[in-house]
Amino acid sequence: MTTSFDDHDDFSLDDDTLHEECGVFGILGHPDAAALTALGLHALQHRGQEAAGIVSYDGQQFRSERHLGLVGDHYTDPAMLESLKGSMAMGHVRYSTTGGTVLRNVQPLFAELGVGGIAIAHNGNFTNGLFMRRKLISDGAICQSTSDTEVVLHLIARSRAKTSSDRFIDAIGQMEGGYSMIAMTRTKLIAARDPTGIRPLVMGELNGKPIFCSETCALDIIGAKFIRDVENGEVVICELQPDGTVSIDSRKPALKQPERLCLFEYVYFARPDSIVGGRNVYQTRKNMGVNLAREAPVEGDVVVPVPDGGTPAAIGYAQESGIPFELGIIRNHYVGRTFIEPTQQIRAFGVKLKHSANKAVIAGARVVLIDDSIVRGTTSVKIVQMLREAGAKEVHIRVASPMIYHSDFYGIDTPDRDKLLANNHKTLADMCKFIGADSLQFLSIDGLYMAVGGEKRNNALPQFTDHQFTGDYPTRLLDKEHEGEFSKIELLAGNG
C-alpha cells in the first residue's frame, strides 16, 4: 500500500533518515583494552545509538557489559571499566535492523563451545540469515535472540573443524550479504570482511598491539596507527602468544572478487574525518558538492547546508558556484531520540526541535539548500516551510546524491520502497511540488562516482555498491527471494 504524505504534520524526528546498523571495535594484548574499546565505540557512536556492548577476557574468564543507550551513558563509569578486566576486549554499537532493540540482541554475543568461549559482533546484514536460522532450528537449534549474529555462533558450534579459527571461517563461509565481523576467543582476535567488501573494516595498531574497527576515526581517538583496510573476503587472525607477542595470520579467498564498497558510506554514514577505502570522506563529500554545482547550477544569494550531513557538499557547491556559504540553519545537538512524547501540539513543532532558521542569513535571500540525501521527503517539507517562515525569497534544493528508489539489505535500515520519495511521485516536478521548493535537483550517479572514485560508473562492472540508486544488488538476496515462506520469529516478551 502506498503511503500518502498529504498530512505534513505527521512528522517523526527519526523517520526520514537512514540508519546504519552498527560499528565494531576490538583490541588484543593491551592492558587498557576495555577502556580503549569504550573510547573507540564512542568515536563510532554515529553508526548506532540504540545499544552498546563490550566483552573482555582476563586470562581466566570472559566478562561482559551490554546496555541499551549510548556509550557515554554507561562506559564512562570507572567501576564498570574496572570490571571489564583483561588485555583483550571487543565492542559493538548497534542500530537494529534484524532483530528488535532488546538486551538479548545487544552484541557482542557470547557462547561456550567445545573449543572454548567465543564472542562475536558484526556490522552489516546477512541476506540469508533467516534462511539459515530456519535450517538450524529445523535441525534442533535453540535461538535465544533475533539477531542474525547468533546464526554464526550456531554454525561455529556445529563445525567439525579443529581450531576456533577454522570453525569461524567455516561458519562465515556459509553466510551471504554485506558484513564486517570481529570474533574473540581466549587467545585470538579474528576479523573478517564480506567477499564483496560492502561494509568497511580497518586494521590498526597501538604500541604494537593489533586493533580492528569499522572506521579510522576510532583509531584516531586513541592515538593508534592505521595499518590498512581488511581486504574483501579476507580473514585476519591475531593470536596472543605465551611470551606476550602477537602473531598475525591472513587468510584470503582463492578467487577474490572485485571490491564494491557501499557508496552510502561516503554519502552519509562514515564520519567526515574517516578514511574509507583509502579516500577521505570529507573530501569526497566536498567533491559531491562541486559536481552538483556543475550539473545543477541555479542563481542564488546563499548556499545553506542541512546540518550536519549536507555541510561538506555545501562547501563544495559554494566554492564551485561562487555563491557565498552561510550557516542558515542551526542544529540543536541536544535533542535525544526520546526527547519528548510527541502530542499533536508538540508534533506541530516538527523539524524545529532539531533545526532552527538563522533569520539574519535567510530573510529576503534566494537560498540554495544542500542536503546529502532525501529519503521520504518529510523532513525536506518541514525545512522548506521553516525557511519560508524565516523570510526566504526562494528555496532551491540541491541533493548531493541520486534519488533513492530501492531498499537496502546489507545493514542499512531503509523504509519500504513504497515510502521512498522517488517512488511516490512520477516526476521531479511532482517531488518539488510536494516538498514546496522552487526547484529540486539530484546529483547524477556518474557525478557521485566521479566524486568518490574519479571515474564514471562502469555499468558492466560497477566499482561500488549502489543498489539504493540503481537496484543493482551485488549478492543474492535469499531471504528476500523466500519472503513469506518464513514464519514469524517468536521470543518470550520481557525486558531482556
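Is the crossing of H5 and H6 left-handed or right-handed? I looked this up first in what is a predicted model, where local features need pLDDT of at least 70, side-chain atom pairs count only at pLDDT 80 or more, and totals for chains, interfaces and linings use all residues. Residues are numbered from 1 along each chain as its sequence is written, and side-chain values use heavy atoms, with hydrogens and water left out.

**H5 and H6**

I found the crossing of H5 and H6 to be right-handed (the near helix is turned clockwise from the far one by less than a right angle). Helices here are DSSP runs of H or I with at least four residues, numbered from the N terminus. Helix H5 (residues 149-158) and helix H6 (residues 164-172) pack at about 125 degrees with their axes 8 Å apart, the axes being lines fitted to C-alpha atoms over the stretch in contact and the angles running from 0 to 180 degrees between N-to-C directions. I noted Val 152, Leu 155, Ile 156 and Ala 157 of H5 in contact with Arg 167, Phe 168, Ala 171 and Ile 172 of H6, where contact means heavy atoms within 4.5 Å.

**H4 and H5**

I then checked helix H4 (residues 129-138), whose axis comes within 10 Å of that of H5 and crosses it at roughly 45 degrees; H4 and H5 are therefore also oblique to each other, but their crossing is left-handed. Gly 129, Met 132, Arg 133 and Leu 136 in H4 meet Glu 150, Val 151, His 154, Leu 155 and Arg 158 in H5.

Definitions and conventions: Helix = DSSP H or I, 4+ residues; strand = E, 2+ residues; numbered from the N terminus. Parallel < 35°, antiparallel > 145°, perpendicular 65-115°, else oblique.
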